[in-house]
Amino acid sequence: MTDSVRSSLKQSLDHLHAELARAPTLDENARQRLRAALADIERRLRASEGEPPVAVRPGGGASHPLEALAVGFESEHPTLAASVRRFIDLLAQGGL
């Protein structure tokens, strides 16, 4: 993973955490699922530092587990849904 992609992912993670904090009407189950997914990605980013990128999943970002969360956010939290989708695209670029 390039330093540029890694930096973009870290910035996007920070942005998602901030959006999550600003979404008070988000139900607790969805909030916990998103927090768990972001924590897992943060662990994977730390673990991959200095290592070659992992192969991208077949099917690209559409098969990413975060996609289901983005779909669920679409009607009540469209900004958060769009941010999650942008993050999925960055993850695909980084091979995660």
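Modeller: Before we dig in, one term: a helix axis here is a line fitted to the C-alpha atoms over the stretch in contact, and the angle between two axes is taken between their N-to-C directions. Also, keep in mind that this is a predicted model.

Colleague: Fine. Where do H2 and H3 sit in the chain, and at what angle do their axes cross?

Modeller: H2 covers residues 28-48 and H3 covers residues 66-73. Their axes come within 11 Å and cross at roughly 145 degrees, and the crossing is left-handed.

Colleague: How do you know that H2 and H3 meet?

Modeller: Contact needs heavy atoms within 4.5 Å. On the H2 side, Ala30, Arg33, Leu34, Ala37 and Ile41 meet Leu66, Leu69 and Phe73 of H3. Sorted by class, that contact has 7 nonpolar residues, no polar ones and 1 charged.

Colleague: Which residues of H2 and H4 meet?

Modeller: From H2 you get Leu34, Leu38 and Ile41, and from H4 Leu80, Val84, Phe87 and Leu91. That contact of H2 with H4 holds 7 nonpolar residues, no polar and no charged.

Colleague: Why is His77 called buried?

Modeller: Its relative accessible area is 11%. Buried means under 20%, so His77 qualifies. As for where His77 lies, look in the loop between H3 and helix H4 (78-94).

Colleague: And what is His77 in contact with, leaving aside its neighbours within four places in sequence?

Modeller: Ala23, Thr25 and Leu26.

Colleague: What makes a set of residues a nonpolar core?

Modeller: The members must be buried residues of nonpolar kinds, Leu, Val and Phe among them, joined through side-chain atoms within 4.5 Å. The largest one here has 25 residues, and Leu9, Leu34, Leu66, Phe73, Val84 and Phe87 touch the most other members. Helix H1 (3-21), H2, H3 and H4 each supply at least two residues of this core, with the largest share, 7 residues, coming from H4. In soluble globular proteins, nonpolar side chains do tend to be buried together.

Colleague: Take Leu9, then: which residues is Leu9 in contact with, apart from neighbours within four places in sequence?

Modeller: Leu9 is in contact with Met1, Leu45, Phe87, Leu90, Leu91 and Leu96.

How values were computed:
Residues numbered from 1 in each chain as written. Predicted model: local features only at pLDDT ≥ 70, side-chain atom pairs only at ≥ 80, totals over all residues. Heavy atoms only, no water. Axes fitted to C-alpha atoms, helices over the stretch in contact; angles between N-to-C directions. Helix = DSSP H or I, 4+ residues; strand = E, 2+ residues; numbered from the N terminus. Left-handed = near helix turned anticlockwise from the far one by under 90°. Nonpolar A, V, L, I, M, F, W, Y, C, P; charged D, E, K, R; others polar. Buried < 20%, exposed > 50% of the residue type's maximum accessible area, 1.4 Å probe, protein only.
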